[in-house]
Amino acid sequence: MGRPAAPPTAQRRLLPVLCVLIALLGFDRASAAAPCVPGGQPCPPPGGFRAGFGPLTLAGGGTSRGGHPVVADLGLTPGHKSIVFGTSNGRLYVVKHDATVAAGFPVTLPREIVSSPAVGTLTKQDGTTVTAIVVGYGSNFPGQVDAGGIRAYLPNGTLLWERTSGPYVGATAPVVSAPAIGDVDGDGKNEVVWTSFDEFVHVSDGATGAEKQGWPYRTYDTIWSSPALADLDGNGKLSVIVGSDQHFQAAPIATPNGGGLHVIDSTGTPRPGFPVYIDQVISGAPAVGDINGDGVPEIVFGTGGFWAGAAHRVYAYRCDGTPVAGWPVTVQGQVVTSPALADLTADGTPEVVVTDDASSPDGLRRLYAFRGNGSSLFTPVVIRDFFGANLSAGDPMVADVLGDSAPELLVPTNGEICVVSSAGVQLTDNGSHAAGTFSFMVTSSLSNATVADLDSDGAAIEVIAVTGIGTSPDIGVWVWNPKAPTLPVPWGLFHQNAARTGVVPGTPPCAAAVGLKFHTLPPCRLIDTRGVTPGAIGGPPLTANEVRTYSLGGRCGIPSTAKALAVNAAVVNPGASGFITIFPGNQSATPVASVLAFGPGVTRACNSVVRLATDASVRISVANVAPAGTDFLLDVSGYFQ
């Protein structure tokens, strides 16, 4: 099936930060530089500015309308890291620890940079290993949509390679997400994984940028989400985990209106149980970690903000595509940002930290923290700046920036970085100007916050922000030096680390999935609600929004030891648009993941892998998520055990 001429979710959406920029355009922040005096002037944070960064002004640098700086050791000065970021006029900067711009930078890319740069090691064609900076370019802002791609640079500014995106409404597609760097195929050499509005997940050879065999992988709609890379099977190879937009397409594509969570193995093949489809786009980057202490990883993400009437939720899925107990959780607004996973309670298990947008009933943005069972760690915090305004809440970061041995939560909002304690108390001035409050303020709207140790000495932590200097054409780099931190920093960089892999360090593989083998069966019909297939479970048809549980033990040769089935699901003459979801028969909550989407009056079918009940009862549940009934058929061709 051909690509839609104009993917609906790409035409109508804007980068999340755009609404903030419009709201704040021309807002005067000159008072941020005023001394701390009674009467409502902002007090500086503990430690004040790092020398040369109060701020460092880069003439003609533009501003930052998206993306996060990366802090990494580029080998420029022994024992010190550098700050790497892109700007609205397409410049890529490397700023050293001493507030000087590295030789060879800035370099200028063809379009605006809203992608967050990644840093990692790549192996050149001659076999030598080099540190490289990889960044995407292009955005959906006016004048920036007509070109997109990705470039890899050496630390001296030399271009290593470039890849342009596929077509996007007649042009190369913008790359707004962060690339990720890792050894996908387990050959000892890193690849670069990146996504684009061209609807593809790309895996590029680290030496040349050429597409690796088996890739790209198509999602059939635009991709805003940054990919995570995790060794889910413990075999030294990385799965690619990414969200996407989706819109309804008939079989064989069979995608619904909403979003998709894609988990793709190292060969470009979807992992059994994926993709998972939900009712809203997934624009943020998924994060991976063992959030409930069960010894296997979970995949956590929030929903975007495109489809009207969709639920406002944060999701957590297992390695097999089934929801984690207690999830999804409902929040006030949509979570267009990316989660941070960090241990806030010192129990050895990370919590989930997210922010939402203004689509809540009261129009306020909030910060949330959830335990691995889905319960709230504290009452959601309405993020406010020094003036009491609640105009934005960006991607959260987690680090001990006050030297009190407890992690704080950092959220870019309006023209500053808001700091909240791990108990849910805002520590920066929220407009009340209470004694002892302080502000990490800049001079224009801010969409990023980064925490790192620039000097690798543990003596002080750096809090970093990059944005424009008021209404000037210059960009500023603010770096504060609060008190000595607790190291390491759990989630101080966007997507956790400089390579942007999005995984909590030490996360185990999916041990429960290791060792499962596939066994073929002669094609056999298990269910036919029409009642016309001898031996199959018969009718009546599934009614509107009905959930029906079936016991499949002993049917079609399925053994009692089976864990999952390879099936073909079909609907016949459905009365309205909707979707079928199939899930373990002992699972009480009906997931919003779609196995088969359909329209009224048309027969549809789709292959899938479905998980059986975990209590050895060989049961599945089938939900008809539609306002009218339909006949349902299910064929089996094999099982996993």
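Predicted model: local features only at pLDDT ≥ 70, side-chain atom pairs only at ≥ 80, totals over all residues.
**The chain as a whole**
- There are two helices and 42 strands in the chain.
- The C-alpha trace spans about 85 × 60 × 45 Å along its principal axes.
- For 641 residues, a compact globule would have a radius of gyration near 26 Å, and the chain's 25 Å agrees with that.
- Of the 641 residues, 60% are buried.
- Take the contacts with a separation of 6 or more: 62% of them come from residues 24 or more positions apart.

- Four strands make up an open sheet in the order 12-13-14-15, and their pairing is antiparallel.
- At the edges sit strand 12 (180-182) and strand 15 (217-218), each of which pairs on one side only.
- Strand 14 (residues 200-205) runs antiparallel to strand 15, and two bridges join them.
- If you'd like a spot to look at there, find Phe-200, which stands opposite Arg-218 in strand 15.

**Aromatic pairs**
- The count of aromatic pairs comes to 14.
- One of them is Tyr-315 with Tyr-317: the ring centres are 6.2 Å apart and the planes sit at 15°, which is under the 30 degrees cut-off, so this pair counts as stacked.
- Tyr-315 and Tyr-317 are both buried.
- Trp-327 and Phe-370 are another pair, with centres 6.0 Å apart and planes at 70°; that angle is over 60 degrees, so the pair is edge-to-face.
- Trp-327 belongs to the loop between strand 22 (313-317) and strand 23 (329-330), while Phe-370 is in strand 26 (residues 366-370), so their pairing ties together parts that are 43 residues apart in sequence.
- Trp-327 has a relative accessible area of 5%, so it counts as buried.
- Phe-370 is buried too, with a relative accessible area of 3%.

**A cluster, and a charge over a ring**
- Phe-49, Phe-438, Phe-440 and Trp-480 come together in one aromatic cluster.
- Over the face of Phe-141 lies Arg-65, at 3.8 Å from the ring centre.

Methods:
Residues numbered from 1 in each chain as written. Heavy atoms only, no water. Pairing = 2+ DSSP bridges. Phe/Tyr/Trp six-rings, centres within 6.5 Å; stacked < 30°, edge-to-face > 60°. Buried < 20%, exposed > 50% of the residue type's maximum accessible area, 1.4 Å probe, protein only. Lys NZ or Arg CZ within 6 Å of the ring centre and 35° of its normal. Rg over C-alpha atoms; globule rule 2.2 N^0.38 Å. Contact = heavy atoms within 4.5 Å.
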